[in-house]
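Student: I would like to learn how to read strand pairing and helix packing from a model. Can we take them in turn?

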Amino acid sequence: MSFVSKPVVLIAEELSPATMDALGTDFEIRNTDGSDRDQLLPALADADAVLIRSATTMDAEAIGAANNLKVIARAGVGLDNVDTQAATEAGVMVVNAPTSNIISAAELTCGHILSSARNIAPANASLKDGQWKRSAYKGIELYQKTLGVIGLGRIGSLVAERMKSFEMHIAAYDPYVTAARAQQLGATLLSLDELLETSDFVTIHMPRTPETLGMISDEQFTMMKDSAYVVNVARGGLIDEDALGRALDAGQIAGAGIDVFVEEPAKDLPFFKHDSATVTPHLGASTEEAQEKAGVSVAKSVRLALAGELVPDAVNVAGGVIDPYVRPGIPLTEKLGRILSAVMKGVSVSAIEVVVAGELAEKNVDSLKLAALKGVFTDVVSGQVSYVNAPVLAEGRGIETRLSTTSDSPHYRNTITVKAVSANGREFNVTGTLTGPQQVEKLVGINNYEFEVAIADHMLVLEYEDRPGVIGTMGMQLGDRSINIATMDVALRADGAKALAILTLDSALPGGLMDQVADAIHAEKAAEVDLEETVR
């Protein structure tokens, strides 16, 4: 009896018990200290997945040390500590939990706004130091003040909704939000300059990109009211830290609430000396609820990824949300890609097209193109092929890829065709469908021959001149080597001159037998299809 080991899931940082429960018992769970490179790199050697938070850096070196790695799961929102490009090139899926902390981050933002308005942090420190300074910590009301929200995404929208309950006026800057959406949130869209000039509180909720780094700096502080406060619970560096120190020194603004920093842990920054600057050590996601949601979310993604399924919210997979009606077509399409590669063996490809016909054409079927590319390359490249790097492999080989849809499907409710054009312009195609309540995967066409065969792990495809005795010869050749034929279907070309035989077999062919059968029947073309999963 052969022993099949479980996939290895490496836990590089402390995660909630609910995360471990969500992973289940299908994996071998190992633990390491992700912040210690000397521990992390050897621990990654045979890991299939690694779960991290913010203390573990998964850079090109770490990814290169993990030959079996299929998924990096960050139990949090940001991915600053993951080299997504290196992961994509290696075919490693990167997932995070983009919505896990939105409520926690929004609530902390509101807390910083309230704390700034009423000087809660410095008043607390002063009183505990034995001082009673009521007049020194006189604050302001939020009522009828203007809150400027930079970035009206998920967290910015939650902040706007919550602060409206204080009867604040909401202004917003977001070039990707429509006036209609802003109106739904009760916000007035302004330019960034207008927002800074008119707001009493400014809170920033933008991703950290080269364009947004330092977007609030010296010039922006000069536009703000000297009574205004600025809050950043999003990403370190969106507010220029040195410029913030200068603005507080000069009295250009009244105060700040900062939770995130360029370098963490942060120490002795210029604005730390100001009582009017309330700082917290990156607590945006530091609630029991957020951490549990993040861990459970990525644990579910890891299960999907290690089951070979497409994870629709993976950050480096452009598949989009997968409709339940589309999902059964993903494994079928991947198999069609593998069958096409077998039929085209040795032929140089210049273009690949996926054609989806029937009711499926009404859905988002982007994921089917990914599945087809993964199938096409699985048996023709030496490295790992995944939904992540399959498009990269096509691009690197100069292969044009297309996806087209049509409602016209005369013979079946839906069909999926994977086509390839060779370098000399010849077209190859393989078509499949799903039939019946059990959604049986059927192969219904190869290179315009029509038939209907249930897809099996082992298949033999032979094209030959139609004549008596061929089927008997094939059966004899295979029977002599103890290869059992499960099913056989023969399709004739329209003119009847040639035939295509599709045999499903109970086992793989021993080396050389395909060529032996092909020679015996004088086949013009022969292809062996082996879809059996490799068990490591």
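Tutor: Start with a definition: two strands pair if DSSP finds at least two bridges between them. Keep in mind that this is a predicted model.

Student: In strand 2, which residue is the bridge partner of Val8?

Tutor: Glu28 of strand 2 is bridged to Val8. Strand 1 (residues 8-11) and strand 2 are joined by four bridges and run parallel.

Student: What holds paired strands together in general?

Tutor: Strands of a sheet pair through backbone hydrogen bonds, in parallel or antiparallel fashion. Here, five strands make an open sheet with parallel pairing, in the order 2-1-3-4-5. Strand 2 (28-31) and strand 5 (93-95) are the edges, each pairing on one side only. From one strand to the next, the twist averages 20°.

Student: Which helix lies across strand 1, strand 3, strand 4 and strand 5?

Tutor: Helix 12 (residues 288-306) does, running at about 170° to strand 4 (71-74).

Student: Now helices. How are two packed helices described?

Tutor: By the angle between their axes and the distance between the axes. Take helix 16 (residues 470-480) and helix 17 (residues 513-521): their axes come within 9 Å and cross at roughly 150°. Angles over 145 degrees count as roughly antiparallel, so helix 16 is roughly antiparallel to helix 17. The crossing is right-handed.

Student: Which residues make the contact?

Tutor: Helix 16 contributes Val470, Thr473, Met474, Gln477 and Leu478. Helix 17 contributes Leu513, Gln516, Val517, Ala520 and Ile521. Of these contact residues, seven are nonpolar, three are polar and none is charged.

Methods: Residues numbered from 1 in each chain as written. Predicted model: local features only at pLDDT ≥ 70, side-chain atom pairs only at ≥ 80, totals over all residues. Heavy atoms only, no water. Axes fitted to C-alpha atoms, helices over the stretch in contact; angles between N-to-C directions. Helix = DSSP H or I, 4+ residues; strand = E, 2+ residues; numbered from the N terminus. Parallel < 35°, antiparallel > 145°, perpendicular 65-115°, else oblique. Left-handed = near helix turned anticlockwise from the far one by under 90°. Contact = heavy atoms within 4.5 Å. Nonpolar A, V, L, I, M, F, W, Y, C, P; charged D, E, K, R; others polar.
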